[in-house]
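Open your viewer, keep the selection tool at hand, and follow along stop by stop.

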Amino acid sequence: MSLSRRDFLLSSVTVTALAATQLGVSAQKSNQNRSNSQVNQKDCVFICNEDSNTLSVINPLTNQVETTINLTSFDEDPRPPFRFVTGGMMPTHGAMIIKPLYHGAIHIHGAAPSPDSRLLAVTGRGTSNVYLIDVEKKRVLGTKPNPSYGKEIDVNPLWISSGILLGREPHEPTFTRNGKELWVALRGENRIAILDVQAALEALEKGITVGAVRQYIDTIDGSAQIWFSRSGDTAFVISQKTPFVDVFDVNPDANGWSRPKLKTRLDIKAQDPFGFTPFQKTTPDGKEIWFSHKLADALSARETSGSYRMLDHILLGDRARPNHIEFVENQQGKVVYATFARVDDGGPGDIAYSQVAIIDREVPSGKRRLVGTFFSYGREAHGLWTNPENTRLYIAHELDELPSTPNAGQTVCTVFDVSNPLQPVFISQIPLGDLQLPSGKLRNKKSINLVYVRPGAPSQTA
């Protein structure tokens with residue numbers, strides 16, 4: 001029996017990922033150099049580290065951590081209650097946020113770029129707020145000079161902003177397609193906060209934490225994320241408490257400000273009987289929206305117009321626990337990737353790693369299925385994002401690396417060459433290291449969201 005080129009590639013995906021670990025450092029450098037021509041000098045990858053409340057920034061040209069953005073309030077004052085390390089004692093990550101007088105971020109989680117890629121919105125689940133980051137300067141907006149700096153040699157030069165207060169459990173932020181508003185799903189409530197972006201920027205400059213929210217709109221319980229149609233006139237809202245999707249007419253006025261109206265509530269019990277859908281994204285052509293049903297170990301896809309007709313329901317296997325979705329489309333193919341939270345034995349080098357699902361999107365809707373997986377080279381894979389050319393894929397991981405592995409005890413990001421989307425090739429495992437605070441080192445830990453940003457270029461929210 002003869003195999004077509006596509007059949008051969010699909011059958012060899014897992015084998016290829018496994019073999020990549022045997023290529024050594026020289027091969028990894030070769031793969032990185034092969035796709036470096038697709039990297040802009042200003043490109044950067046931002047990773048939300050939930051336990052350390054930091055943002056790791058990776059330079060795709062070097063695939064190394066360029067800097068770590070501090071969203072903690074440690075070491076802004078020389079007195080012991082303000083310090084990260086006190087009396088030689090370093091707190092556990094869980095104990096950090098309950099230290100006396102801590103006013104920094106708690107549980108940095110969601111992230112999304114503005115349509116022009118100049119701003120990054122980052123949510124603090126535990127602090128009930130959102131921070132805005134200047135992408136080019138890699139600076140938290142609203143942060144002020146620390147008056148103690150220079151007088152005390154071992155304090156941070158900046159005093160962290162308090163961000164913009166929103167409501168209970170802000171999970172994921174999303175900019176409207178025109179960039180005028182930021183919609184934030186409040187997972188601990190049954191509503192969405194809608195911010196005026198310009199008002200938020202002005203408030204942060206003045207050190208004001210309230211007043212930028214234009215309105216709140218009621219929606220399903222446990223709202224997890226909003227994503228907008230390509231045209232920007234429809235908003236889809238998913239939930240991590242109920243098996244429904246709310247569809248809103250954005251209904252913008254002449255100035256582009258939204259006047260949301262609920263159009264319909266989709267029943268997705270057949271695809272997600274557990275009511276736990278944490279992530280969604282539209283395809284690059286805007287015609288489909290894909291959902292990750294984590295506890296149901298499945299993905300589904302619907303049309304973004306008309307009756308929002310169901311297109312595909314794809315089972316991923318027992319306890320796959322899909323997290324995020326990403327689309328890669330280039331001359332070699334069109335796929336959907338979905339990260340697995342599940343960690344499997346028998347990965348490259350006989351190390352336990354998570355896997356990433358591959359769904360071939362060149363197959364007609366209704367017939368699409370899981371065609372292969374590849375190991376992510378990390379544990380509990382979560383956020384993932386491609387570069388604008390769709391040739392690189394970066395993946396964040398929640399769990400630290402195991403003992404006796406190359407980056408033991410570190411949280412890692414991994415990068416793949418996806419020039420052939422059906423045959424990803426491992427490039428590098430990037431340890432996230434730590435944030436050097438004046439009183440000690442804070443290890444970057446538990447990565448959740450990851451976004452690839454090219455400042456000034458249209459982002460996936462454009």
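Which residues lie nearest the centre of the largest pocket? Keep in mind that the model you are looking at is predicted. Now select Pro-284, Asn-390, Pro-458, Ser-459 and Gln-460: these lie nearest the centre, and the lining has 24 residues. Next, colour strands E19 (279-282), E23 (322-330), E27 (379-386) and E33 (447-453), the elements that each give two or more residues to this lining. The space in the pocket comes to about 460 Å³. If you colour the lining by class, you will find eleven nonpolar, eight polar and five charged residues.

Our next stop is the second largest pocket, with a volume of about 330 Å³. Select Thr-68, Ile-69, Asn-70, Thr-143 and Leu-158, which are the closest to its centre among the 17 lining residues. Strands E3 (64-70), E7 (139-140) and E31 (434-437) each supply two or more residues to the lining. E3 gives the most, with four residues. By class, this lining divides into seven nonpolar, seven polar and three charged residues.

For the last stop, go back to E19 and show the open sheet of four strands in the order E19-E20-E21-E22, where the pairing is antiparallel. E19 and E22 (310-315) stand at the edges with a single partner strand each, so one side of each has no neighbour in the sheet. From one strand to the next, the twist averages 15°. Zoom in on E21 (residues 298-303), which pairs with E22 over five bridges in the antiparallel sense. Finally, pick Leu-299 and look across to E22, where Ile-314 stands opposite.

Conventions. Residues numbered from 1 in each chain as written. Predicted model: local features only at pLDDT ≥ 70, side-chain atom pairs only at ≥ 80, totals over all residues. Heavy atoms only, no water. 1 Å grid on protein atoms, 1.4 Å probe; cavity = no way out; pocket = protein on both sides within 12 Å on 5 of 7 lines; lining within 4 Å. Points joined across faces, edges and corners; volume = space filled by probe spheres on them. Nonpolar A, V, L, I, M, F, W, Y, C, P; charged D, E, K, R; others polar. Pairing = 2+ DSSP bridges. Axes fitted to C-alpha atoms, helices over the stretch in contact; angles between N-to-C directions.
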